[in-house]
Amino acid sequence: MEFDYKSRRWKKKRIKILRRDGFLCQECKRYGKRVEAVTVHHIKHASEYPELAYKDDNLVSLCSACHNRMHPEKAAAGKKY
Ligand SMILES: [Zn+2]
Ligand SMILES: [Zn+2]
């Protein structure tokens, strides 16, 4: 089953994770850059690990550039999330 990114539960979770991460991209932060995060990414993909979809430690805030890098398969398919 596809993960529902439009669900209310996810929207609330997403804000919680962004707030935890200070609204900064955690990947850029590793390189000392402060870039606003726009996406919350599943480290283990929600489609393969639905049981981890709402686990805080499986979620990380990223900017769109870093997020696209995490998803070569989606970029190739022309999808974005
Ligand atoms: Zn980034
Ligand atoms: Zn992602």
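Which pattern does the protein chain follow when read along the sequence? I looked this up before anything else. The answer is α-α-β-β-α-α. I was working from a predicted model.

**Whole chain**

I checked burial next. Of the 81 residues in the protein chain, 37% are buried. Residues 24 or more positions apart supply 61% of them. The accessible surface came out at about 5,700 Å². Carbon and sulfur atoms hold 53% of that area.

**Helix H1**

I turned to H1, which covers residues 8-20. It has 13 residues. From first C-alpha to last I got 19 Å, close to the 18 Å expected at 1.5 Å a residue.

Which residues of H1 are buried? I found Trp 10, Lys 13, Ile 17 and Leu 18. These four sit on the same side of H1, because they cover an arc of only 135 degrees around the axis. I noted that a lysine, Lys 13, is in this buried set. Another lysine, Lys 12, is exposed. Lys 12 lies on the face turned away from the buried side, along with Arg 8 and Arg 19, which are exposed too.

What do the buried residues of H1 pack against? I traced them to strand S1 (39-42) and strand S2 (59-62).

**After H1**

I stepped past the helix to Gly 22, which follows H1. I read its phi as positive, near 70 degrees.

Conventions: Residues numbered from 1 in each chain as written. Chains lettered and ligands numbered in written order. Predicted model: local features only at pLDDT ≥ 70, side-chain atom pairs only at ≥ 80, totals over all residues. Heavy atoms only, no water. Helix = DSSP H or I, 4+ residues; strand = E, 2+ residues; numbered from the N terminus. Expected span 1.5 Å × (residues − 1). Buried < 20%, exposed > 50% of the residue type's maximum accessible area, 1.4 Å probe, protein only. Arc of directions from axis to C-beta. Contact = heavy atoms within 4.5 Å. Areas by Shrake-Rupley, 256 points an atom, 1.4 Å probe, with all protein chains shown as cover.
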